[in-house]
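Have a look at the model, then read on.

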Amino acid sequence: MTDKKVKIYTTPACRYCQQAKEFLTRKGIEFEAYDVSKDTEALKEMKQVSGGARSVPVITVCDEVLVGFDRSHLEKALECLSSP
Amino acid sequence: MALTIYTMERCPFCERAKCFLYDRGIEFKEISAPPGSREWQEMKRRTGGESLPQILIHDVSIGGYAELVNMEATGELYEKLGVPEMGEERVLYDVIIIGAGPAGLSAAIYTIRKLLKTIIISKDIGGQIAWTTDVDNYLGFSQVNADELVSKFEDHVKKFDVDKLIGVEVKTVDLATRIKRVVTLEGKSYYGKTLIIATGGRHRPLDIPGERELVGRGISYCSTCDAPLFEGVEVAVVGGGNAGLEAVIDLMSLATRIYVVSLLPISGDAVYQAKIRQSPKVEIYEEWQPIKILGDTSVKGMEIRNLKSGEHKALAVEGVFVEIGILPCSDLFLDTLATNQKGEILVDPECRTGVAGVFACGDVTTVPFKQVVVAVGEGAKAALSAYNYLMNQP
């Protein structure tokens with residue numbers, strides 16, 4: 001897996017995942033997206049980093065793991081990217 | 001001090017006026033003037049008013065709270081005070097729409113086509129359609145992907161000149177005055193001559209022990225999103241209406257066993273019922289009640305109770321999908337608008353709320369049948385009502 005700072009774990013029919021990706025794109029933030037319905041490795045990783053989350057999207061930013069898409073939380077988490 | 005305000009205790013609009021001034025950092029001199037006091041006489045003499053609060057700027061009476069808000073909306077307040085406006089550009093909209101689900105977007109199409117200056121403020125786009133995969137009962141589409149339908153709605157609105165604030169939450173609203181004010185979580189104010197509330201609904205939780213702790217760890221309110229994470233395990237779906245049965249169908253090809261738990265006999269559409277009753281994977285518990293979610297760090301089971309016999313049973317499931325209806329997102333308005341016991345906003349056949357210039361439509365209202373097609377129709381009605389209201393203003 002790549003070492004991009006933002007990762008998002010998704011499923012195909014999940015609109016919140018879609019919205020989260022659009023949000024990141026609009027902000028010009030690079031991210032790696034994984035479809036956990038097909039990618040079992042990614043599913044394993046998602047469960048591991050989130051301590052067993054079973055809901056998408058799971059978004060990892062720097063050291064933070066967010067379950068679900070909440071704009072204000074994500075925005076706050078993204079602050080780590082701008083500070084050295 | 002440029003601004004003086006006459007007040008008394010237990011006067012809600014005095015409080016509001018003071019909060020309004022505090023919020024904006026406008027300094028003022030407060031004079032307590034209960035009826036009959038010397039200050040009351042002074043207030044009457046200086047302002048000609050007979051009620052509180054009364055506000056003066058540079059010794060000139062401007063009126064009460066309503067006038068204060070109106071003057072801010074037009075920019076006159078800052079002019080009179082001789083201070084620059086606070087940062088943001090002040091626009092007075094004809095219509096502010098809160099919510100961008102089917103009701104809100106439909107309302108926007110109608111207001112824009114009436115050439116009303118419109119802004120949509122919403123947390124997200126699409127509202128509850130985001131929770132479903134396919135929509136099968138929208139006229140003109142025998143089956144449409146929910147995503148596609150939302151995109152079509154969005155594209156339609158984009159064709160017109162409308163301000164959109166998506167991803168923005170509303171903190172408070174001020175409905176009492178002629179000019180309505182909407183304040184976002186970030187503290188920005190928006191002003192409108194009318195307000196259309198289309199805030200929709202949110203999932204009703206089970207409200208049983210273990211549920212809240214395990215959200216995202218086996219408890220799910222979006223089967224479309226999360227079903228793929230429950231491949232090869234046993235799950236439960238709570239709810240026997242259409243949403244519940246759709247969740248069962250989403251899970252049918254993935255989970256090894258699906259328990260359907262419903263307080264009432266299954267009531268979803270016959271098409272769905274036939275589908276799930278045929279499946280050997282599905283086990284139905286009608287007139288059973290969920291009591292408790294089991295598990296510490298993830299869902300390990302759900303305890304249920306038979307409503308008739310009182311028998312208890314534990315279902316060894318790793319996932320619980322909750323589809324027991326929706327609650328209206330009306331928290332912002334509970335103090336100011338009339339609602340029913342569920343919190344749904346009472347509206348008349350023209351989507352009026354009882355407060356002049358404030359309209360509501362879609363799932364947040366008492367209008368029955370929470371359907372996309374109903375919300376779209378109600379949105380149109382609210383917009384046309386707002387238009388009629390504006391046309392009849394002096």
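**Helices on a sheet, and rings that pair up**

In chain B, helix α1 (residues 12-23) lies across β1, β2 and β3 (54-57), running at about 155° to β1(B). Contact here means heavy atoms within 4.5 Å. Angles run from 0 to 180 degrees between N-to-C directions, with axes as lines fitted to C-alpha atoms, for helices over the stretch in contact. Helices (H or I, at least four residues) and strands (E, at least two) are DSSP runs, numbered from the N terminus.

This is a predicted model, where local features need pLDDT of at least 70, side-chain atom pairs count only at pLDDT 80 or more, and totals for chains, interfaces and linings use all residues. Residues are numbered from 1 along each chain as its sequence is written, chains are lettered from A and ligands numbered from 1 in the order in which they are written, and side-chain values use heavy atoms, leaving out hydrogens and water.

**The chain B sheet**

- Four strands make an open sheet in the order β2-β1-β3-β4 (chain B), and the pairing is mixed; two strands pair if DSSP finds at least two bridges between them.
- At the edges sit β2 (29-32) and β4 (60-63) of chain B, each pairing on one side only.
- On average, neighbouring strands of this sheet are turned by 25° against each other, direction ignored.
- Strand β1 (residues 3-7) of chain B runs parallel to β2(B), and four bridges join them.
- Across from B:Thr7 you'll find B:Ser32 in β2(B).
- Helix α3 (residues 65-74) of chain B lies across β3 and β4 of chain B, at about 95° to β4(B).

**Aromatic pairs**

- Over all chains, there are 10 aromatic pairs. Rings of Phe, Tyr and Trp (its six-membered ring) pair if their centres lie within 6.5 Å; planes under 30 degrees apart count as stacked, over 60 as edge-to-face and the rest as tilted.
- A:Tyr9 and A:Tyr34 have ring centres 5.4 Å apart and planes at 25°, so this pair is stacked.
- That pair links distant parts of the chain, with A:Tyr9 in strand β1 (residues 6-10) of chain A and A:Tyr34 in strand β2 (residues 32-35) of chain A, 25 residues apart.
- A:Tyr9 counts as buried at 1% relative accessibility; buried means under 20% relative accessible area, exposed over 50%, partly exposed in between (1.4 Å probe, protein chains only).
- A:Tyr34 counts as buried too, at 9% relative accessibility.
- B:Phe359 and B:Tyr389 have ring centres 6.0 Å apart and planes at 75°, so they're edge-to-face.
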